[in-house]
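Look at the sequence and the model below. The text that follows goes through the structure one part at a time.

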Amino acid sequence: MTFFKTPAILAFSGVLFLSACTDPGQFNGNSNLSKTQQGALVGAGAGALAGALSRGDGNRDQGALIGAVVGGAVGAGIGYNLDQQEADLRRDIGNDNVRITNTGDRLIVSLPQDLLFATDSAAVRPDLQNDLFTVAGSLQEYPASTIQVIGHTDSDGDAAYNQQLSERRANSVGDILINAGVPSSRLQTFGRGESQPVASNLSAAGKAQNRRVEIVILPNSA
């Protein structure tokens, strides 16, 4: 069991530590690390672990080192692209109500449903479609990613109805992105209903935050 005394276990510990450090709740603007640097660190840790585990000749230390170098380069590239795409989106979307979150391994564009839809409707308001066209343009400019469109509701009303409404709204947003040129093969739509609140449903302000559609941009590692 000497494996647990080698750098491979240190790499595994590094992955856990660095993943915790790159949680969006930890990096709230006070971190000195850019998302590019965070991506490089996490990629290096993950690569070191994968490299160590893949060595069949017993030389796990060398495998960990090679994996760290390769993983770090891949992670840095992903982090840099996310930084660039985030900056472009913030520049081009002229709506302060659209929230953009860069977690280091993905971008989350959160659009309040109260802006996109009328009550109980799954039809996107025409005046809000320009924001989605901007997102679609960005997705085409940065094609190496998978996109998830996820609908959420508050807890008012029947849970089954909320689930269906969230699915229909996610599909509506997804259809606009596809019609604007985003390949359907890159896009998945989901409804989460009221199951994933980001605020308390006990207040009107909290409910408004929970009614949202999220466009999650997941970079491809290959």
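**A histidine and its surroundings**

In this predicted model, His152 is buried, with a relative accessible area of 1%. Residues count as buried when that value is under 20%, so His152 falls in the buried class. His152 belongs to strand β3.

Which residues touch His152, once its neighbours within four places in sequence are set aside? His152 is in contact with Gln113, Ser166, Arg192, Gly193, Gln196, Asn210, Arg211, Arg212 and Glu214. One of these, Glu214, also has a polar contact with His152: their side chains are joined at 3.3 Å. Another pair to look at is His152 and Glu167, which are separated by 15 residues in sequence and by 8.4 Å in space, from C-alpha to C-alpha.

Now turn to the strand that holds His152, which is β3. Strand β3 pairs with β4 in the parallel sense, over five bridges. Within this part of the model, Gln148 stands opposite Gln188 of β4. Together with helix α6, the strands β3 and β4 form a right-handed β-α-β unit.

Helix α6 takes in residues 159–179, 21 residues in total. From its first C-alpha to its last, α6 reaches 30 Å, which is close to the 30 Å expected at 1.5 Å a residue. Just after α6 comes Gly181, with a positive phi of about 115°.

Which residues of α6 are buried? They are Asn162, Leu165, Ser166, Arg169, Ala170, Ser172, Val173, Gly174, Ile176 and Leu177. Ser166, found in this list, is also among the contacts of His152. The cover over the buried residues of α6 includes two helices, α4 (113–116) and α5 (129–141), along with the strands β3 (145–152), β4 (187–191) and β5 (212–219).

The loop between α4 and α5 contains Asp120. Is Asp120 buried, exposed or partly exposed? Asp120 is partly exposed, because its relative accessible area is 47%.

Step back to the protein chain as a whole. The chain has seven helices and five strands, and along the sequence they follow the pattern α-α-α-β-β-α-α-β-α-β-α-β. Of its 222 residues, 41% count as buried. Among the contacts in the chain with a separation of 6 or more, 69% are between residues 24 or more positions apart.

Finally, consider the confidence of the prediction. The mean pLDDT of the protein chain is 79, and 65% of the residues reach 70 or more. One is residues 15–31, for which the model has 16 contacts beyond four places in sequence. The other is residues 67–75, with 19 contacts beyond four places in sequence.

How values were computed
Residues numbered from 1 in each chain as written. Predicted model: local features only at pLDDT ≥ 70, side-chain atom pairs only at ≥ 80, totals over all residues. Heavy atoms only, no water. Helix = DSSP H or I, 4+ residues; strand = E, 2+ residues; numbered from the N terminus. Expected span 1.5 Å × (residues − 1). Buried < 20%, exposed > 50% of the residue type's maximum accessible area, 1.4 Å probe, protein only. Contact = heavy atoms within 4.5 Å. pLDDT = per-residue confidence, 0-100. Pairing = 2+ DSSP bridges. Right-handed = clockwise from strand over helix to strand, strands pointing away. Polar contact = N/O pair within 3.5 Å; in protein donor to acceptor, adjacent residues only side chain to side chain.
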